Amino acid sequence: MQGKKDTLADKVLLSNAIFNGLENEASPGFIALRGECIAAVGRPEEAQAWIGAETVVCDLGDAFIMPGVHDNHVFFTGYMSMHRGVDLTHAASIEEAVESMLQAANNLPPGKDVTAYGWSEEGWGKLPEQSLLDELFPDRAVIAINLNKSYCWMNRLAQEKYQFLPDQCSAEARALLLQAMMQDHSLVKQEFMEFCRILAARGVTSIKDIGFDRHSELLPILEELKETGELPLRFHFSLEPVVESLDIATGMKYKALYNGDLIRFQGYKLMLDGVVADHTGDMLEPYADMPGVTALRTVDYKKIEASVLEADSQGIKCCLTAEGDAAIRQAVSMIEKCREQQSNNLIRHSISDLEYPHPDDLIRMGENEIFAEVYAQILLLNPTYEDAYMPVVVGKGHENRFYNYKSMLEANVPITIGTDLPLFITSVPDSLYAASHRLFPDGSPAGGWYPDQGMPPSEVLKAWTINGAKHCYMEEVTGTLEAGKYADIAVFDRDLLNASAGDIRDAQVILTIMGGKVTYNHSWNEG
């Protein structure tokens, strides 16, 4: 048993399945909590020594206890913008949607933007026309983003004001709009707390958020929540230059200001190529369905490399987003130059997305201790294997190079997991279904899609926990269930390591604890 018995525990959790993040299996035991930390972890029979008259004892039976989940790649502002304004999810027609937006406009001050979300072209049978919004809303900008974030129904005023077109709906394209939406301090605080509640219900105790430019609108809210003791998760953040150029001075300032265990600056995110699925990912060989084309978009690698080297020289880490194998190769080479520049591997740079890496570059990633930020739920973007784009863009003979997690593990690449939220909402069960069982939403293909490239379930859980903590320089205080570490804990209703593919996606979080405080409680008994 670990820990000292000079005082009794505030709370003791008992379970037949505790996954501490150090081993590959779960075992029966207890966890004693005192204040914001874990006081002891041990065998079931040792728990009584930590229990006093005032100790809350939670006998969780066969529930699965694991370290709190760290989502290593989220966009709060992207999520916020997808839930701001008029909900058009259930609007049956364009006319009904317009009526809802007109009603909303009547309750807004003159000139105030009308925002909406959730409509579907499939449900309406056609794309709505800009001219309708121009006619009905001549004096205010109107922006309604669709359900799959691929199209914004906008009037002319909105396009002029925010400088993007309806089919340019990425978060980066909408940067000016997001900046404007972040100005309402009270509303943003409310939306952020709801965002945290949703994540707590998924077992999340820590995130790395991507903020555009200086992220200056959100940081005061976080500081306020921290001061009042209301911040419900550990907030790490990276800056992505979008409207402005990469600003090393701001990075140095944030590095000094935000280095605690609740709010911590984690460097820069820099985009390299685009998306393999739409042929903007940069490939070493031409696309199978576009002969002679290796990318539809050029990348200024020299400019990006200069920024990476400058950040590295100041001890600031970078996350390089790269999907195609050519872009990934360039990203690895940039970080190799950083290693030569610093003569050590202390700065924990990473590459995110990593859709289609070349095996040689995974070996180089392992040699250079480059962290991978993968989206383990990614197969769920395709409804079935038959609908998957991977064999179409690279050919059937090369599709096995997509999402080749086992090759990453064999190359000693430290893997972390993110969701690119709002691309996905954090789900450990879904990640096990997609990354371990290697199945698409409909259960295809039989036996899994290249199951030999999947991650073992224990490695998936470590990627969600201790590996994310390491990437954020937090492994000494969180990421595993050990005495002396923060009590950051997630409890699921079933054994995640041994659940079948048919059952795993039904797994639910029943309890989340961050720093000793319960942030989500579904159903558990105290005795």
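**Second largest pocket**

I find 18 residues lining the second largest pocket, and R84, L108, K112, D113 and T115 lie nearest its centre. On a 1 Å grid over the protein atoms alone, I take a pocket as an open set of points where a 1.4 Å probe fits, with protein on both sides within 12 Å along at least five of seven lines, and lining residues as those with an atom within 4 Å of a point. Two or more lining residues come from each of β8 (114-119), α5 (156-162) and α6 (175-181), and α6 gives the most, with 3 residues. I note 9 nonpolar, 4 polar and 5 charged residues in this lining, with Gly counted as polar. The space in the pocket is about 390 Å³, taken as that filled by probe spheres set on the points.

**Confidence**

The model is predicted, so I keep in mind that local features need pLDDT of at least 70 and side-chain atom pairs pLDDT 80 or more, whereas totals for chains, interfaces and linings use all residues. Residues are numbered from 1 along each chain, and side-chain values use heavy atoms, without hydrogens and water. The protein chain averages a pLDDT (the predictor's confidence in each residue, from 0 to 100) of 95, and 98% of the residues score at least 70. Over residues 1-5 pLDDT stays under 50, and there the model has 19 contacts (heavy atoms within 4.5 Å) beyond four places in sequence.

**Cysteines**

I searched the whole structure for disulfides (cysteine sulfur atoms within 2.5 Å) and found 0. C319 is in no disulfide, its nearest cysteine sulfur being that of C318, 8.7 Å away.

Conventions:
Helices (H or I, at least four residues) and strands (E, at least two) are DSSP runs, numbered from the N terminus.
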